[in-house]
Amino acid sequence: MKFLEMSELVRQHHDHMGQTEIRKVLNRAINDFCTRTKVIQSSFVYEITEANQSDRWLWLDDHIIDIERVEVDNYVIPRLLELPVKRDFE
C-alpha cells in the first residue's frame, strides 16, 4: 500500500485531520512498527578513554531498546544470566 492510499484510508475515518497531521501520524506508526519488529538495526562503537571511563554506561542513546551483543576487542562478551557480584557502578 502506497503512502497516498494509507493517507486516503485515514481520511475516510478521520475527515477532520489535515494532510500534515495524517503524514506525521503515519510516519510515527511506521517508525514504531519498525522499532517493535526490530526491522531497523544499528551498531555503535564506543571507545573508552581516561576521561570517559567513569561514565561509560551513561552515554547510551534513548532510542536503544535492545542490546543483542557486546564485543570488546573483537571478542563477543557472553550474556549474563544473573546480576554480577561485583559491579563497576553504584
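Arg36 counts as exposed, at 66% relative accessibility (exposed means over 50% relative accessible area, buried under 20%, and partly exposed in between, with a 1.4 Å probe and protein chains only). The model is predicted: local features need pLDDT of at least 70, side-chain atom pairs count only at pLDDT 80 or more, and totals for chains, interfaces and linings use all residues. Residues are numbered from 1 along each chain as its sequence is written, and side-chain values use heavy atoms, with hydrogens and water left out.

**Exercise 1.** Determine which residue forms a salt bridge with Arg36, and how the two are placed in their helix.

*Solution.*
1. A salt bridge is a side-chain nitrogen of Lys or Arg within 4 Å of a carboxyl oxygen of Asp or Glu. The partner of Arg36 is Asp32, with 3.0 Å between the closest N and O atoms.
2. Both belong to helix H2 (residues 19-36), where they stand four residues apart, about one helical turn. Helices are DSSP runs of H or I with at least four residues, strands are runs of E with at least two, and both are numbered from the N terminus.
3. Asp32 is partly exposed, at 37% relative accessible area.

**Exercise 2.** State how many salt bridges the whole structure contains, and describe the one formed by Glu71.

*Solution.*
1. The search of the whole structure gives two salt bridges.
2. Glu71 pairs with Arg69, at 2.7 Å from N to O.
3. Glu71 is partly exposed, with a relative accessible area of 41%, while Arg69 is exposed at 58%.

**Exercise 3.** Identify the buried residues of H2 and describe how they are arranged around the axis.

*Solution.*
1. H2 has 18 residues and spans 26 Å from first to last C-alpha, close to the expected 26 Å (1.5 Å times one less than the number of residues).
2. The buried residues in H2 are Ile22, Leu26 and Cys34. They lie on the same side of H2, because they cover an arc of only 100° around the axis (the arc is that of the directions from the helix axis to the C-beta atoms).
3. An α-helix has 3.6 residues a turn, so residues three or four places apart point the same way.
4. On the other side of H2, Thr20, Lys24, Arg28 and Arg36 are exposed.
5. H1 is included in what covers the buried residues of H2. Ser7, in helix H1 (residues 3-13), is buried at 3% relative accessibility. Beyond neighbours within four places in sequence, Ser7 is in contact with Gln19, Ile22 and Leu26 (contact means heavy atoms within 4.5 Å).

**Exercise 4.** Name the residues of the nonpolar surface patch and the elements that give two or more residues to the patch.

*Solution.*
1. Ile67, Val70, Val72, Tyr75 and Ile77 make the patch of about 430 Å². Strand S1 (70-72) and strand S2 (75-77) each give two or more of these residues.
2. Patches are made of residues with over 30% relative accessible area and no salt bridge; like charges are joined within 9 Å, and nonpolar side chains (Val, Leu, Ile, Met, Phe, Trp, Tyr) within 5 Å. Areas come from the Shrake-Rupley method with a 1.4 Å probe, and for residues only the protein chains shown count as cover.
3. Ile77, found in strand S2, is partly exposed at 37%.

**Exercise 5.** Give the order of the elements in the protein chain and the share of its residues that is buried.

*Solution.*
1. The chain has two helices and two strands, running α-α-β-β from the N terminus.
2. Of its 90 residues, 9% are buried.
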